[in-house]
Amino acid sequence: MLKKKMMKALNEQINAEMYSSYLYLSMESYFQSVSLAGFAAWMRGQVQEELMHSMKFYDFVNERGGRVTLDTINKPETSWKSPLMAFEHILRHEQMVTELINDLVDLAIREKDHATNIFLQWFVTEQVEEEASVGEIVDKLKLIKDNSSGLFLLDAEMSKRVFTLPQPE
Ligand code: FEO
């Protein structure tokens, strides 16, 4: 059975993951508006991934006999000055999510909630991957600067991302 404090924090994380999905959907729309279809497709994968994260927390709270209570999802920003600024925003956002996950792990340890701690380890690893993949794109965009040929090449590369829903364990 989940303790109240842990349940509240996990509910907040459901909201944070939903917000991530909403923010990335807003970015997808931005990339569509500037005709960068590959970046937009990459963002769609990100939208689905964040929804999947949110549902992982949702299912875990229920599995542990807790109660999910949904809250308001904040309004995301709607435009960015450049693809680089959008991706720098994603990187800052993911670093913030990493802190949230670390705080949840700290709480699980304090509460001696070993099951939640084990559940959270998947997210600890996931955040390392997320920060690395976004950081790589930020670096490429910095190299590209104002070179439109480079941007179109990267756009084509980004379109190759395929998101597959993980199979039930
Ligand atoms: Fe759900 Fe991008 O962390």
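This is a predicted model: local features need pLDDT of at least 70, side-chain atom pairs count only at pLDDT 80 or more; totals for chains, interfaces and linings use all residues.

Student: Let's start with Gln46. Why is Gln46 called buried?

Tutor: Its relative accessible area is 3%, and buried means under 20%, so Gln46 gets that label. Gln46 belongs to helix H2, residues 37-63.

Student: Which residues is Gln46 in contact with, leaving aside neighbours within four places in sequence?

Tutor: Those are Tyr24, Glu94, Glu130 and Arg161.

Student: How do you know that the span of H2 is close to the expected one?

Tutor: H2 has 27 residues, and the expected span is 1.5 Å times one less than the number of residues. That gives the 39 Å expected, and H2 reaches 39 Å from its first C-alpha to its last. Just after H2, Gly65 takes a positive phi of about 80 degrees.

Student: What does Phe39 touch, not counting residues up to four places away in sequence?

Tutor: Phe39 touches Phe31, Phe87, Leu141, Leu151, Leu154, Asp155 and Met158.

Student: How many aromatic pairs does a search of the whole structure find?

Tutor: The search finds 11. One to look at is Phe57 with Phe119.

Student: What makes the rings of Phe57 and Phe119 a pair, and why is the pair called edge-to-face?

Tutor: The centres are 5.3 Å apart, and rings pair if their centres lie within 6.5 Å, so they qualify. The planes are at 85 degrees, and over 60 counts as edge-to-face, so that's the name for this pair. Phe57 is in helix H2 and Phe119 in helix H4, 62 residues apart, so the pair links distant parts of the chain. Both Phe57 and Phe119 are buried.

Student: Which residues form one aromatic cluster?

Tutor: Tyr30, Phe31, Phe39, Trp42, Trp80 and Phe87.

Student: Last one: how do you know that the charged end of Lys56 sits over the ring of Trp122?

Tutor: The charged end of Lys56 is 4.2 Å from the ring centre of Trp122, against a cut-off of within 6 Å. The label also asks for a position within 35 degrees of the ring normal, and Lys56 is listed as sitting over the ring.

How values were computed
Residues are numbered from 1 along each chain as its sequence is written. Side-chain values use heavy atoms; hydrogens and water are left out. Helices (H or I, at least four residues) and strands (E, at least two) are DSSP runs, numbered from the N terminus. Buried means under 20% relative accessible area, exposed over 50%, partly exposed in between (1.4 Å probe, protein chains only). Contact means heavy atoms within 4.5 Å. Rings of Phe, Tyr and Trp (its six-membered ring) pair if their centres lie within 6.5 Å; planes under 30 degrees apart count as stacked, over 60 as edge-to-face and the rest as tilted.
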